[in-house]
Amino acid sequence: NKTEQYAAKKLDSEQLAENIKRHLQQSLGVDQEEAGPAEYWEALSLVVRELGLDLIRKTRHKERDEKARRVYYLSLEFLVGRLLGNNLHNLGIYHQAEEAMANLGVNLTDVLEHETDPALGNGGLGRLAACFMDSLTTLDLPAFGYGINYRFGLFKQGFAGGKQTESPDAWREESCPWGIERPKRKQRIKLYGRVTERAGKAAWEDTQEILGMPWDVPVTGYGTDTVNTLRLWESRAAEGFDLSSFDEGRYHESRSGEIQAENVSQVLYPNDNHPAGKELRLIQQYFFVACSIADLIARYKRENGDNLDGFAEKVAIQLNDTHPAIAVPELMRILMDEEDIVFTKALSICREVFAYTNHTLLPEALEKWPQNLITKVLPRHMQIIHMINYHFLHTEVEAQWPGDNNMKRRLSIIEEPERPGGQQMVRMAYLSVVGSHKVNGVAALHSSLVKSSLFPEFNEMWPDKLVNVTNGVTPRRWVDYCNPELASLIDETIGKDGEADWRKDLTRLDAINAYADDPAFQKKFAAIKRNNKVRFAAVVKELCNVEISPDAIFDVQIKRLHEYKRQQLNLLHIMALYRRLLENPDLDVPQRVFIFGAKAAPGYKVAKTIIHAINRVAERVNNDRRIKDKLKVVFLPNYRVSLAEKIIPAADVSEQISTAGFEASGTGNMKFALNGALTVGTLDGANVEIAEEVGDDNIFIFGLTVEEVAELRHRGYNPEDVYNSNAELKAVIDWLASGDLCPEEPDAFRPLVDSLLGGDYFLTLVDYQAYSDAHDKIVETWKKPELWWKTAITNSASMGKFSSDRSITDYAKTIWNMA
Ligand code: 26Y
């Protein structure tokens, strides 16, 4: 059977040790005696990279022979996390590597901690792309990921007086053995310039050019020899770039603001769900899209010859949100201007090739670019967008709603200004829908809202276009690698060989449900959770200098800071718990620790205020002896993938408390439940499906539903009414507003208080009491350990659906036509 045969597994610890020593000496130039954990990390990474590159080559040969369709996943973000440990696990040589290191006198766990965690993404969307690459490879699907090799990843977060500080994340400075440059595959792309007509054809001229240098990262899968490529582009100045514009005296006013080539791949925009609308961001999008499309066309031609007739059969391109949507006019441009294919045929090729995933319904997160900006940076693309729009409106919309100009205006890819003097805007989501054959949401509820609220007219025009693919997470990183004790317990209980391996078929976990009531199994499961909590408590001590007891309930909310995710609801409730304890210090309640991790977009004022407030409350609560350690609050700085790997296995309670209708899916919710945490959550995103899988008794659902939210908004809602009718809520808001928590800046929390009392768009106050009641139920359950562990085990055992392998299989079947 295949899982036993794959190549890397044949390496034993002695061979590994030899290879490590060879790289120490020959690649790093250090003697064994001089080497510390950092050098060992690099040497072992080079060994694994060697293996990876060898397998990439073999994968490429195999794919060339099989001539199957390939999927190209285009994403501005790949939040891959640390790679060494995960690759060792996937390749099946973790234990050999551990032994090899031990024989060399070093501890592998220490070595792994020396890897800088690449933060090439903001949050959920970027992490999903990384889980998908893992699954594509594990499932042996021919795939490339295309993105940007940012020099600076997401900023590093610190706290000063409880406020967020940001510093640059120069993650490659240390050394990054994963990527290898491929100068042979570099691309040259154009920007700016103008379009003229030559012999009846469009010519894009007077352009500036930049180079894209590909940087390949091997992506391993579990139990397979397949290794795919994550190809990240780095921008470079094309030689002559500056000189030629100087010579021609083209450095006049309108061009003086232009960017330097190297700037393009310099920094990841730190906004999650809120576009900055900057020219450089548009250039980033076009840069990586143009490099990727040129690269995949060149590959197609190498393998299939110059005729593009069979292109759509061999190529599937998935757009990770609208960020790479400029790929639609880019492929059109190449097909029409360079391959002489007529417009209608080019459009039908595009539609067969592209599919678009929507990750958000937040109106402010939907990308729109000023038409003038696109005209300036990509003049030919703007023309093509107009051609697509004209065809769409006057042929397709006209056929569906003859003579309905209002409908044409509503569905136009170009949004007309509401006020005179306003700008025309290009709606990137509409461009993506019109240019694709399938559009998917990321959880059942979200996808139904995409149909009913976001794109109802498109759904009427093209009833089969809008579909659902529920998100998933890779069980390799999110159990096997981050929670090895749990992984072994599962192996011991249900077997791990071949078919039985839950790492490859997560639905196998269902067999664990038979043990949910078993006292012996419960004991083992609880012991593992406790070990994880002990280890995590040491991390908290080191990072926050706060002592937390592993016997307390660890209640965790980790995700980007956003008002719709409602960290403020969690905060208000903690403040109330503290007050309850002050009123009655002998209250018979279990110890609780509330744990936060979250970065706020640097320009998002209210989000930053929430961080500041949580930190100030934490400081007060943690230093108050009157409450006898019954309550602790910690906010871990610089939340990132490698911290998530330590937090999630140690969590008892998972906070998934977004306003219903706003969290498209969530993926942290899946990771927590998989690792045996109980969810307190709203009926939002994938929480709905998690509740279906675990059963209503095994999850703490509270709060308004999507329908109730709509109804309340329709009726009209005054937050002051809730504030005045709930004494506890009123007291904590007054406390926040009083300045008591931040005497040197008494108005510090005003923006938060104003957001709550002046509109409360995310209905935090409305859901407060239900949330508090849900927490009371959590405490009741905690007081009955057999019930608690039964519930926790049921959660773990019922997460089979949420493997990213299932998600990718769904994509392959319903969207990529590959399975
Ligand atoms: C336009 C730009 C500013 C922008 C940048 C990043 C817009 C959105 C984003 C990121 C969105 C995102 O991460 N969305 C999340 O995607 C996850 C994966 O599908 C979902 O689980 C999660 O609910 C959703 O918020």
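The model you are looking at is predicted: local features need pLDDT of at least 70 and side-chain atom pairs count only at pLDDT 80 or more, while totals for chains, interfaces and linings use all residues. Residues are numbered from 1 along each chain as its sequence is written.

Asn 638 sits in the loop between strand 20 (631-636) and helix 25 (641-647). Helices (H or I, at least four residues) and strands (E, at least two) are DSSP runs, numbered from the N terminus. The phi of Asn 638 is near 55°, a positive value in a residue other than glycine. Asp 321 also has a positive phi, near 65°, and is found in the loop between strand 11 and helix 12. With 23 other C-beta atoms within 10 Å, Asp 321 is buried. Now turn to Asp 586, in the loop between helix 23 (567-583) and strand 19 (592-597). Asp 586 counts as exposed because it has 8 C-beta neighbours inside 10 Å.

Stepping back, the protein chain holds 34 helices and 23 strands. Its C-alpha atoms fill a box of roughly 90 × 70 × 50 Å along the principal axes. Buried residues make up 50% of the 819.

The chain is divided into domain 1 (1-65 + 87-116), domain 2 (68-83 + 118-469) and domain 3 (476-800), with bounds from an automatic or database domain assignment. The C-alpha centres of domain 1 and domain 2 lie 35 Å apart. Their contact takes 21 residues from domain 1 and 22 residues from domain 2, where two residues are in contact if their C-beta atoms, placed from the backbone, lie within 7 Å. On the domain 1 side, helix 3 (37-66) and helix 4 (84-91) are the elements that give two or more residues, and helix 3 supplies the largest share, twelve residues.

Next comes the ligand. Domain 2 and domain 3 both give residues to the shell around the ligand, so it lies between them. Of the 22 residues around it, Gly 124, Leu 125, His 359, Ala 664 and Ser 665 come nearest; a residue is near if its C-beta atom, placed from the backbone, lies within 6 Å. The shell divides into six nonpolar, 13 polar and three charged residues. Here Ala, Val, Leu, Ile, Met, Phe, Trp, Tyr, Cys and Pro count as nonpolar, Asp, Glu, Lys and Arg as charged, and the others, Gly among them, as polar.

Finally, look at helix 13 (residues 343-353), where Ala 346, Leu 347, Ile 349, Cys 350 and Val 353 are buried. Seen down the helix axis, the buried residues fall within an arc of 160°, so they line one face of helix 13; the arc is that of the directions from the axis to the C-beta atoms. The partners they pack against include strand 11 (315-320), helix 12 (327-338) and helix 15 (379-400).

Terms used
Buried ≥ 20, exposed ≤ 12 C-beta atoms within 10 Å, placed from the backbone.
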